[in-house]
Amino acid sequence: MLVNGPPDDPTGEVTDLLQHLIRNACVNDGTVASGHEDRSVDVLGSYLSPASSGLDLEVYEPEPGRSSLVARIEGTDPTAPTLLLMGHTDVVPANPDGWERDPFGGELVDGVVWGRGAVDMLNLTASMAVATRHLAERGWRPAGTLVYLAVADEEALGEHGAGWLVDHERDHVAADYVITESGGIPLATPAGVRLPVIVGEKGSYWVRLTVSGTPGHASQPLRTDNALVKAAEVVTRIASYRPRAVIHDTWRQFVEGMAYPDEIGRLMLDGEQLYELCQSLPLGLARQAHACTHTTFAPTVVHGGTKTNVIPDRVELEVDIRTLPGQTGPEVRALLLDAIGEDLAPSVQISAASDDPSSSSATGTPLWEAIGRVTERMVPGSETIPFLTVGATDARFFRRLGATAYGFGLFSSQMDFESYGTMFHGDNERIDQESLRLSTELWKTLAVDFLGAGSGA
Ligand SMILES: [Zn+2]
(Lines give C-alpha, C1' and ligand atoms only; values in the text may rest on other atoms or scores of the structure.)
Protein backbone atom coordinates (compact mmCIF):
# COMPACT_ATOMS: atom_id res chain seq x y z
CA MET A 1 0.00 0.00 0.00
CA LEU A 2 1.08 3.54 -0.66
CA VAL A 3 1.60 5.70 2.35
CA ASN A 4 1.22 9.44 2.05
CA GLY A 5 1.85 11.85 4.88
CA PRO A 6 1.83 10.91 8.56
CA PRO A 7 0.63 7.44 9.65
CA ASP A 8 -2.75 8.83 10.71
CA ASP A 9 -3.33 10.29 7.27
CA PRO A 10 -5.58 7.83 5.39
CA THR A 11 -5.05 9.51 2.01
CA GLY A 12 -2.64 6.96 0.57
CA GLU A 13 -4.65 4.01 1.77
CA VAL A 14 -7.99 5.21 0.47
CA THR A 15 -6.42 6.24 -2.85
CA ASP A 16 -4.86 2.83 -3.32
CA LEU A 17 -8.08 1.01 -2.46
CA LEU A 18 -10.10 3.21 -4.84
CA GLN A 19 -7.61 2.54 -7.66
CA HIS A 20 -8.04 -1.21 -7.13
CA LEU A 21 -11.83 -0.93 -7.22
CA ILE A 22 -11.74 1.15 -10.43
CA ARG A 23 -9.36 -1.30 -12.11
CA ASN A 24 -11.63 -4.22 -11.22
CA ALA A 25 -14.10 -2.69 -13.69
CA CYS A 26 -17.24 -4.19 -12.14
CA VAL A 27 -19.32 -2.94 -15.05
CA ASN A 28 -23.02 -3.57 -14.64
CA ASP A 29 -24.82 -3.54 -17.98
CA GLY A 30 -28.10 -4.70 -16.47
CA THR A 31 -27.61 -8.39 -17.29
CA VAL A 32 -27.18 -10.91 -14.50
CA ALA A 33 -23.94 -12.14 -16.07
CA SER A 34 -22.30 -8.69 -15.80
CA GLY A 35 -20.93 -6.87 -12.74
CA HIS A 36 -18.55 -9.51 -11.40
CA GLU A 37 -18.50 -7.66 -8.10
CA ASP A 38 -16.82 -10.69 -6.50
CA ARG A 39 -13.51 -9.17 -7.67
CA SER A 40 -14.01 -6.09 -5.55
CA VAL A 41 -15.42 -8.14 -2.68
CA ASP A 42 -12.12 -10.08 -2.75
CA VAL A 43 -10.10 -6.86 -2.62
CA LEU A 44 -12.22 -5.37 0.16
CA GLY A 45 -12.28 -8.66 2.06
CA SER A 46 -8.52 -8.95 2.13
CA TYR A 47 -8.18 -5.26 2.96
CA LEU A 48 -10.57 -5.57 5.92
CA SER A 49 -9.54 -8.98 7.20
CA PRO A 50 -6.07 -8.72 8.73
CA ALA A 51 -6.04 -10.31 12.17
CA SER A 52 -5.37 -6.90 13.69
CA SER A 53 -8.81 -5.68 12.62
CA GLY A 54 -10.78 -8.51 14.27
CA LEU A 55 -13.67 -7.71 11.94
CA ASP A 56 -16.35 -10.30 11.25
CA LEU A 57 -16.83 -10.56 7.49
CA GLU A 58 -19.62 -12.23 5.60
CA VAL A 59 -20.03 -12.62 1.85
CA TYR A 60 -23.34 -13.24 0.08
CA GLU A 61 -23.53 -14.35 -3.54
CA PRO A 62 -27.11 -14.65 -4.82
CA GLU A 63 -25.89 -15.20 -8.42
CA PRO A 64 -22.45 -16.31 -9.59
CA GLY A 65 -20.06 -13.37 -9.33
CA ARG A 66 -22.64 -11.00 -7.81
CA SER A 67 -21.15 -10.85 -4.32
CA SER A 68 -21.78 -8.39 -1.52
CA LEU A 69 -19.69 -8.10 1.62
CA VAL A 70 -20.73 -7.24 5.18
CA ALA A 71 -18.32 -6.26 7.98
CA ARG A 72 -19.50 -5.35 11.44
CA ILE A 73 -18.18 -3.90 14.67
CA GLU A 74 -20.64 -5.16 17.23
CA GLY A 75 -21.87 -2.63 19.78
CA THR A 76 -21.87 -3.23 23.51
CA ASP A 77 -25.40 -1.92 24.09
CA PRO A 78 -28.17 -3.84 22.33
CA THR A 79 -30.55 -0.91 22.82
CA ALA A 80 -28.24 1.55 21.02
CA PRO A 81 -28.86 2.28 17.33
CA THR A 82 -27.16 0.46 14.46
CA LEU A 83 -25.50 2.52 11.71
CA LEU A 84 -24.97 1.04 8.27
CA LEU A 85 -22.41 2.55 5.90
CA MET A 86 -23.28 1.24 2.46
CA GLY A 87 -21.34 1.64 -0.79
CA HIS A 88 -21.90 -0.11 -4.08
CA THR A 89 -19.06 -1.78 -5.98
CA ASP A 90 -20.58 -1.88 -9.47
CA VAL A 91 -20.28 0.90 -12.05
CA VAL A 92 -22.03 1.79 -15.30
CA PRO A 93 -20.29 1.18 -18.65
CA ALA A 94 -17.84 3.76 -20.01
CA ASN A 95 -16.97 4.48 -23.63
CA PRO A 96 -13.21 5.25 -23.71
CA ASP A 97 -13.65 7.41 -26.85
CA GLY A 98 -14.94 10.31 -24.77
CA TRP A 99 -12.31 10.03 -22.03
CA GLU A 100 -8.96 11.77 -21.69
CA ARG A 101 -7.65 8.76 -19.74
CA ASP A 102 -8.36 5.04 -19.51
CA PRO A 103 -11.72 4.81 -17.70
CA PHE A 104 -10.56 1.65 -15.94
CA GLY A 105 -6.91 2.62 -15.42
CA GLY A 106 -7.38 4.18 -11.98
CA GLU A 107 -4.57 6.62 -12.77
CA LEU A 108 -3.45 9.09 -10.11
CA VAL A 109 -2.50 12.36 -11.82
CA ASP A 110 -1.65 15.51 -9.85
CA GLY A 111 -3.63 14.41 -6.82
CA VAL A 112 -6.66 13.28 -8.81
CA VAL A 113 -7.80 9.66 -9.30
CA TRP A 114 -9.38 9.04 -12.71
CA GLY A 115 -11.81 6.32 -13.62
CA ARG A 116 -15.35 5.03 -13.85
CA GLY A 117 -16.79 5.01 -10.35
CA ALA A 118 -14.51 7.73 -8.96
CA VAL A 119 -17.60 9.70 -7.86
CA ASP A 120 -20.33 7.06 -8.30
CA MET A 121 -19.53 5.77 -5.76
CA LEU A 122 -16.32 3.79 -5.37
CA ASN A 123 -14.83 6.85 -3.64
CA LEU A 124 -17.26 6.40 -0.77
CA THR A 125 -17.19 2.60 -0.85
CA ALA A 126 -13.40 2.84 -0.41
CA SER A 127 -13.42 5.57 2.25
CA MET A 128 -16.08 3.73 4.27
CA ALA A 129 -13.91 0.60 4.21
CA VAL A 130 -10.80 2.49 5.33
CA ALA A 131 -12.70 4.14 8.19
CA THR A 132 -14.17 0.79 9.28
CA ARG A 133 -10.76 -0.90 9.31
CA HIS A 134 -9.11 1.98 11.19
CA LEU A 135 -11.83 1.97 13.84
CA ALA A 136 -11.60 -1.82 14.20
CA GLU A 137 -7.80 -1.83 14.40
CA ARG A 138 -7.72 0.60 17.25
CA GLY A 139 -10.00 -1.69 19.23
CA TRP A 140 -12.94 0.68 19.17
CA ARG A 141 -15.97 -0.80 20.92
CA PRO A 142 -18.97 1.45 20.35
CA ALA A 143 -22.27 1.32 22.19
CA GLY A 144 -24.22 0.91 18.94
CA THR A 145 -23.23 -1.44 16.12
CA LEU A 146 -21.40 -0.25 12.99
CA VAL A 147 -22.07 -2.24 9.80
CA TYR A 148 -20.14 -1.77 6.56
CA LEU A 149 -21.81 -3.10 3.41
CA ALA A 150 -20.16 -3.23 -0.01
CA VAL A 151 -23.08 -4.08 -2.22
CA ALA A 152 -23.46 -5.36 -5.79
CA ASP A 153 -25.89 -4.35 -8.50
CA GLU A 154 -26.90 -0.85 -7.45
CA GLU A 155 -26.72 0.35 -11.05
CA ALA A 156 -29.43 -2.06 -12.20
CA LEU A 157 -32.05 -1.55 -9.49
CA GLY A 158 -30.41 -3.71 -6.82
CA GLU A 159 -32.11 -7.01 -7.59
CA HIS A 160 -28.88 -8.97 -7.00
CA GLY A 161 -27.61 -6.59 -4.31
CA ALA A 162 -29.43 -4.53 -1.70
CA GLY A 163 -32.86 -5.71 -2.83
CA TRP A 164 -31.84 -9.35 -2.45
CA LEU A 165 -30.10 -8.76 0.89
CA VAL A 166 -33.08 -7.08 2.55
CA ASP A 167 -35.31 -9.91 1.31
CA HIS A 168 -33.04 -12.86 2.16
CA GLU A 169 -30.49 -11.75 4.76
CA ARG A 170 -32.35 -9.02 6.54
CA ASP A 171 -30.90 -9.76 9.99
CA HIS A 172 -27.39 -9.26 8.64
CA VAL A 173 -27.96 -5.90 6.99
CA ALA A 174 -30.88 -4.32 8.84
CA ALA A 175 -30.02 -1.04 10.56
CA ASP A 176 -31.79 1.83 12.24
CA TYR A 177 -29.76 4.36 10.28
CA VAL A 178 -28.15 4.11 6.86
CA ILE A 179 -25.75 6.33 4.93
CA THR A 180 -25.05 5.81 1.24
CA GLU A 181 -24.56 7.99 -1.84
CA SER A 182 -24.32 10.85 -2.45
CA GLY A 183 -24.59 14.48 -1.25
CA GLY A 184 -22.00 16.57 0.54
CA ILE A 185 -20.85 18.64 -2.44
CA PRO A 186 -19.88 21.98 -0.88
CA LEU A 187 -22.17 24.70 -2.20
CA ALA A 188 -20.92 28.25 -1.70
CA THR A 189 -23.65 30.69 -0.68
CA PRO A 190 -23.56 34.27 0.60
CA ALA A 191 -24.41 32.80 4.02
CA GLY A 192 -21.54 30.29 4.00
CA VAL A 193 -20.96 26.77 2.74
CA ARG A 194 -24.00 24.50 2.50
CA LEU A 195 -23.67 20.73 2.44
CA PRO A 196 -26.64 18.95 0.86
CA VAL A 197 -27.77 15.76 2.60
CA ILE A 198 -29.90 13.50 0.40
CA VAL A 199 -33.04 12.80 2.44
CA GLY A 200 -35.11 11.25 -0.32
CA GLU A 201 -35.17 10.17 -3.90
CA LYS A 202 -37.55 10.26 -6.78
CA GLY A 203 -39.30 7.09 -7.82
CA SER A 204 -38.99 5.39 -11.16
CA TYR A 205 -41.85 4.27 -13.35
CA TRP A 206 -40.51 2.69 -16.50
CA VAL A 207 -42.93 1.98 -19.29
CA ARG A 208 -42.98 0.18 -22.61
CA LEU A 209 -45.26 1.70 -25.23
CA THR A 210 -46.39 -0.42 -28.13
CA VAL A 211 -47.47 1.77 -31.02
CA SER A 212 -49.55 -0.09 -33.58
CA GLY A 213 -50.26 0.59 -37.25
CA THR A 214 -51.26 -1.31 -40.38
CA PRO A 215 -48.70 -3.11 -42.55
CA GLY A 216 -48.48 -2.37 -46.26
CA HIS A 217 -46.17 -1.90 -49.24
CA ALA A 218 -43.76 0.96 -48.65
CA SER A 219 -43.78 1.88 -52.35
CA GLN A 220 -47.23 3.45 -51.80
CA PRO A 221 -46.97 5.38 -48.55
CA LEU A 222 -49.88 7.78 -49.17
CA ARG A 223 -52.50 7.60 -46.37
CA THR A 224 -50.92 4.55 -44.77
CA ASP A 225 -51.15 3.84 -41.04
CA ASN A 226 -47.40 3.80 -40.32
CA ALA A 227 -46.54 2.82 -36.74
CA LEU A 228 -43.09 4.39 -37.01
CA VAL A 229 -44.43 7.78 -38.04
CA LYS A 230 -46.92 7.67 -35.18
CA ALA A 231 -44.19 6.58 -32.77
CA ALA A 232 -42.08 9.56 -33.84
CA GLU A 233 -44.97 11.87 -32.96
CA VAL A 234 -45.50 10.07 -29.63
CA VAL A 235 -41.80 10.55 -28.80
CA THR A 236 -41.96 14.24 -29.70
CA ARG A 237 -45.04 14.81 -27.56
CA ILE A 238 -43.60 12.99 -24.56
CA ALA A 239 -40.27 14.79 -24.81
CA SER A 240 -41.92 18.20 -24.97
CA TYR A 241 -44.57 17.49 -22.32
CA ARG A 242 -44.58 19.93 -19.42
CA PRO A 243 -46.34 18.69 -16.27
CA ARG A 244 -46.76 21.31 -13.59
CA ALA A 245 -44.01 21.99 -11.05
CA VAL A 246 -44.47 20.63 -7.52
CA ILE A 247 -42.86 22.75 -4.81
CA HIS A 248 -42.44 20.12 -2.09
CA ASP A 249 -40.98 20.58 1.40
CA THR A 250 -37.51 19.27 0.62
CA TRP A 251 -37.18 21.63 -2.33
CA ARG A 252 -38.42 24.54 -0.22
CA GLN A 253 -35.94 23.81 2.58
CA PHE A 254 -33.13 23.45 0.07
CA VAL A 255 -33.87 26.76 -1.67
CA GLU A 256 -34.27 28.60 1.63
CA GLY A 257 -31.03 27.10 2.94
CA MET A 258 -29.12 28.17 -0.16
CA ALA A 259 -29.76 31.86 0.56
CA TYR A 260 -30.17 32.67 -3.15
CA PRO A 261 -30.62 36.32 -4.09
CA ASP A 262 -34.24 37.27 -3.31
CA GLU A 263 -35.46 37.36 -6.89
CA ILE A 264 -33.96 33.96 -7.82
CA GLY A 265 -35.11 32.39 -4.55
CA ARG A 266 -38.66 33.64 -5.13
CA LEU A 267 -38.76 32.24 -8.69
CA MET A 268 -37.36 28.89 -7.54
CA LEU A 269 -40.30 28.51 -5.18
CA ASP A 270 -42.88 29.68 -7.71
CA GLY A 271 -44.41 26.69 -9.50
CA GLU A 272 -45.56 28.92 -12.36
CA GLN A 273 -42.18 30.53 -12.98
CA LEU A 274 -39.71 27.78 -12.23
CA TYR A 275 -39.68 26.17 -15.66
CA GLU A 276 -38.83 29.46 -17.35
CA LEU A 277 -36.12 30.15 -14.78
CA CYS A 278 -34.54 26.78 -15.57
CA GLN A 279 -33.94 27.96 -19.15
CA SER A 280 -31.44 30.54 -17.91
CA LEU A 281 -29.77 28.76 -14.96
CA PRO A 282 -26.37 27.02 -15.44
CA LEU A 283 -27.06 23.64 -17.04
CA GLY A 284 -26.25 21.39 -14.05
CA LEU A 285 -28.38 23.42 -11.65
CA ALA A 286 -31.14 23.82 -14.24
CA ARG A 287 -31.45 20.07 -14.78
CA GLN A 288 -31.44 19.41 -11.04
CA ALA A 289 -33.96 22.14 -10.28
CA HIS A 290 -36.25 20.91 -13.03
CA ALA A 291 -36.00 17.21 -12.18
CA CYS A 292 -36.35 17.83 -8.45
CA THR A 293 -39.71 19.57 -8.92
CA HIS A 294 -41.27 17.81 -11.91
CA THR A 295 -42.31 14.35 -12.99
CA THR A 296 -39.85 13.77 -15.83
CA PHE A 297 -40.33 11.77 -19.04
CA ALA A 298 -37.37 10.66 -21.12
CA PRO A 299 -37.94 8.48 -24.20
CA THR A 300 -34.85 6.28 -24.36
CA VAL A 301 -35.33 3.16 -26.49
CA VAL A 302 -37.03 2.43 -29.80
CA HIS A 303 -37.44 -0.88 -31.63
CA GLY A 304 -39.50 -1.23 -34.76
CA GLY A 305 -39.84 -1.99 -38.40
CA THR A 306 -39.03 -5.20 -40.21
CA LYS A 307 -37.84 -4.37 -43.70
CA THR A 308 -37.14 -1.29 -45.80
CA ASN A 309 -40.10 -1.93 -48.13
CA VAL A 310 -42.68 -2.75 -45.43
CA ILE A 311 -44.82 -0.13 -43.68
CA PRO A 312 -44.33 -1.08 -40.03
CA ASP A 313 -47.34 -2.18 -37.99
CA ARG A 314 -45.60 -2.23 -34.62
CA VAL A 315 -43.00 -0.05 -32.87
CA GLU A 316 -41.95 -0.39 -29.26
CA LEU A 317 -40.77 2.57 -27.21
CA GLU A 318 -39.35 2.67 -23.72
CA VAL A 319 -39.74 5.73 -21.54
CA ASP A 320 -37.91 6.46 -18.28
CA ILE A 321 -40.36 8.30 -16.03
CA ARG A 322 -39.18 9.63 -12.65
CA THR A 323 -41.84 10.33 -10.07
CA LEU A 324 -42.20 12.76 -7.17
CA PRO A 325 -42.82 11.99 -3.48
CA GLY A 326 -46.35 10.69 -2.96
CA GLN A 327 -47.08 10.13 -6.66
CA THR A 328 -48.87 6.85 -7.54
CA GLY A 329 -48.82 4.67 -10.64
CA PRO A 330 -52.34 5.69 -11.80
CA GLU A 331 -51.38 9.38 -11.49
CA VAL A 332 -48.31 8.80 -13.62
CA ARG A 333 -50.31 6.96 -16.29
CA ALA A 334 -52.79 9.83 -16.41
CA LEU A 335 -49.93 12.26 -17.09
CA LEU A 336 -48.51 9.95 -19.74
CA LEU A 337 -51.89 9.73 -21.52
CA ASP A 338 -52.17 13.51 -21.34
CA ALA A 339 -48.75 13.76 -23.03
CA ILE A 340 -49.63 11.25 -25.77
CA GLY A 341 -52.92 12.98 -26.55
CA GLU A 342 -56.43 11.66 -27.19
CA ASP A 343 -55.91 11.26 -30.92
CA LEU A 344 -52.91 8.93 -30.61
CA ALA A 345 -53.85 7.17 -27.35
CA PRO A 346 -55.96 4.45 -29.08
CA SER A 347 -52.86 3.36 -31.06
CA VAL A 348 -50.64 3.13 -27.97
CA GLN A 349 -50.64 0.29 -25.50
CA ILE A 350 -48.90 1.13 -22.21
CA SER A 351 -47.30 -1.52 -20.01
CA ALA A 352 -45.40 -0.68 -16.84
CA ALA A 353 -41.99 -2.36 -16.69
CA SER A 354 -41.24 -1.15 -13.17
CA ASP A 355 -43.01 0.90 -10.54
CA ASP A 356 -40.67 1.91 -7.74
CA PRO A 357 -42.14 4.79 -5.75
CA SER A 358 -40.26 7.74 -4.32
CA SER A 359 -38.97 7.39 -0.74
CA SER A 360 -37.73 9.82 1.90
CA SER A 361 -36.54 10.14 5.50
CA ALA A 362 -37.21 12.92 7.97
CA THR A 363 -34.68 15.60 8.89
CA GLY A 364 -34.13 16.38 12.57
CA THR A 365 -33.34 12.75 13.50
CA PRO A 366 -30.37 11.90 15.80
CA LEU A 367 -28.30 11.04 12.70
CA TRP A 368 -29.24 14.32 11.03
CA GLU A 369 -28.06 16.15 14.15
CA ALA A 370 -24.84 14.13 14.29
CA ILE A 371 -24.00 14.84 10.64
CA GLY A 372 -24.53 18.55 11.31
CA ARG A 373 -22.34 18.51 14.42
CA VAL A 374 -19.48 16.65 12.77
CA THR A 375 -19.45 18.55 9.48
CA GLU A 376 -19.61 21.92 11.23
CA ARG A 377 -16.29 21.05 12.84
CA MET A 378 -14.75 19.60 9.66
CA VAL A 379 -15.93 22.39 7.36
CA PRO A 380 -16.03 25.48 9.57
CA GLY A 381 -19.02 27.73 8.95
CA SER A 382 -20.91 25.06 6.99
CA GLU A 383 -24.50 23.99 7.45
CA THR A 384 -26.33 20.94 6.16
CA ILE A 385 -29.45 21.30 4.02
CA PRO A 386 -31.84 18.59 2.80
CA PHE A 387 -31.97 17.60 -0.84
CA LEU A 388 -33.94 15.17 -2.99
CA THR A 389 -31.87 13.12 -5.39
CA VAL A 390 -33.42 12.62 -8.79
CA GLY A 391 -31.88 9.19 -9.36
CA ALA A 392 -32.52 5.95 -7.49
CA THR A 393 -30.17 4.63 -4.80
CA ASP A 394 -30.14 1.57 -2.56
CA ALA A 395 -31.39 3.77 0.31
CA ARG A 396 -34.97 3.06 -0.73
CA PHE A 397 -34.79 -0.62 0.29
CA PHE A 398 -33.84 0.40 3.81
CA ARG A 399 -36.35 3.24 4.08
CA ARG A 400 -39.06 0.71 3.25
CA LEU A 401 -37.89 -1.37 6.22
CA GLY A 402 -38.36 1.68 8.43
CA ALA A 403 -34.75 2.87 8.57
CA THR A 404 -33.71 6.49 8.36
CA ALA A 405 -31.46 6.67 5.30
CA TYR A 406 -29.45 9.59 3.98
CA GLY A 407 -27.09 10.11 1.09
CA PHE A 408 -23.92 11.87 2.17
CA GLY A 409 -20.17 12.08 1.75
CA LEU A 410 -17.74 14.94 1.99
CA PHE A 411 -15.94 16.59 -0.88
CA SER A 412 -13.24 19.22 -1.04
CA SER A 413 -13.75 22.63 -2.59
CA GLN A 414 -12.04 21.23 -5.71
CA MET A 415 -15.32 19.48 -6.49
CA ASP A 416 -18.05 21.77 -7.73
CA PHE A 417 -21.68 20.97 -8.30
CA GLU A 418 -21.52 21.45 -12.07
CA SER A 419 -18.65 19.07 -12.74
CA TYR A 420 -19.92 16.57 -10.17
CA GLY A 421 -23.25 16.39 -11.96
CA THR A 422 -21.74 15.86 -15.40
CA MET A 423 -19.29 13.20 -14.17
CA PHE A 424 -22.08 10.93 -12.85
CA HIS A 425 -22.31 8.24 -15.54
CA GLY A 426 -20.43 10.71 -17.80
CA ASP A 427 -16.96 11.00 -19.29
CA ASN A 428 -13.76 11.82 -17.39
CA GLU A 429 -15.07 10.81 -13.98
CA ARG A 430 -12.45 11.66 -11.34
CA ILE A 431 -11.96 12.58 -7.69
CA ASP A 432 -9.31 14.58 -5.85
CA GLN A 433 -7.42 12.99 -2.97
CA GLU A 434 -8.45 15.68 -0.51
CA SER A 435 -12.07 14.62 -1.02
CA LEU A 436 -11.07 11.01 -0.33
CA ARG A 437 -9.31 12.05 2.87
CA LEU A 438 -12.26 14.17 4.01
CA SER A 439 -14.79 11.38 3.50
CA THR A 440 -12.63 8.88 5.38
CA GLU A 441 -12.33 11.30 8.31
CA LEU A 442 -16.06 11.97 8.15
CA TRP A 443 -17.00 8.29 8.56
CA LYS A 444 -14.61 7.81 11.46
CA THR A 445 -15.69 10.93 13.30
CA LEU A 446 -19.36 10.40 12.61
CA ALA A 447 -19.33 6.75 13.70
CA VAL A 448 -17.67 7.68 16.99
CA ASP A 449 -20.01 10.63 17.57
CA PHE A 450 -23.18 8.75 16.66
CA LEU A 451 -22.56 5.27 18.04
CA GLY A 452 -20.89 6.36 21.24
CA ALA A 453 -17.20 6.44 21.93
CA GLY A 454 -17.21 3.19 23.90
CA SER A 455 -13.70 2.01 24.62
CA GLY A 456 -10.59 2.41 22.51
CA ALA A 457 -11.77 5.59 20.76
ZN1 LIG B 1 -24.18 5.19 -7.43
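Reply: Among contacts in the protein between residues at least 6 apart in sequence, 79% join residues at least 24 apart; a contact here means heavy atoms within 4.5 Å. This is a predicted model, in which local features need pLDDT of at least 70 and side-chain atom pairs count only at pLDDT 80 or more, while totals for chains, interfaces and linings use all residues. Residues are numbered from 1 along each chain as its sequence is written, and side-chain values use heavy atoms, with hydrogens and water left out.

The protein contains 15 helices and 19 strands. These elements are DSSP runs numbered from the N terminus, helices being H or I with at least four residues and strands being E with at least two. With a radius of gyration of 24 Å, close to the 23 Å that the globule rule gives for 457 residues, the protein is as compact as a globular protein of that length. That radius is taken over C-alpha atoms, and the globule rule is 2.2 Å times the number of residues to the power 0.38. Along the principal axes, the C-alpha atoms fill a box of roughly 80 × 55 × 45 Å. Of the 457 residues, 55% are buried. Buried means under 20% relative accessible area, exposed over 50%, and partly exposed in between, with a 1.4 Å probe and protein chains only.

Six of the six residues of β6 are buried, so the strand is largely enclosed by the rest of the structure. In a regular strand the side chains alternate between the two faces of the sheet. On one side of β6 lie Leu146, Tyr148 and Ala150, on the other Val147, Leu149 and Val151, and both faces are covered.

The pairing of β6 comes next; two strands pair if DSSP finds at least two bridges between them. Strand β2 runs antiparallel to β6 and is joined to it by five bridges. Within that pairing, Arg72 has Val147 as its bridge partner in β6. Strand β3 (residues 83-88) runs parallel to β6, and six bridges join the two. There, Leu83 stands opposite Leu146 in β6.

Beyond these pairings, β6 also takes part in covering a helix. The cover over the buried residues of α2 includes α1 (11-24), β1 (56-60), β2 (68-73), α3 (122-137) and β6 (146-151). Helix α2 spans residues 38-48, and its buried residues are Ser40, Val41, Val43, Leu44, Gly45, Tyr47 and Leu48. An α-helix has 3.6 residues a turn, so residues three or four places apart point the same way.

Asp153 sits in the loop between β6 and α4 (162-168). Although Asp153 is not a glycine, it has a positive phi of about 65 degrees. Its relative accessible area is 1%, and Asp153 is therefore buried. Asn428 likewise has a positive phi, of about 55 degrees, and is not a glycine. Asn428 belongs to the loop between α14 (417-423) and β19, and its relative accessibility of 13% counts as buried.

Strand β7 (residues 177-180) pairs with β18 in the parallel sense over four bridges, and Val178 stands opposite Ala405 in β18. In the loop between β7 and β8 (187-189) lies Ser182, which a cis peptide bond with omega of about -10 degrees joins to Glu181.

Three strands form an open, antiparallel sheet in the order β4-β5-β19. Because β4 and β19 (430-432) stand at the edges, each with a single partner strand, one side of each is left without a neighbour in the sheet. Two bridges join β4 to β5, and Val109 has Val112 as its bridge partner in β5. Asp110 occupies the loop between β4 (108-109) and β5 (112-114). In contrast to buried Asp153, Asp110 is exposed, at 77% relative accessibility. Asp110 and Asp432 are 322 residues apart in sequence, yet their C-alpha atoms are 8.7 Å apart in space.
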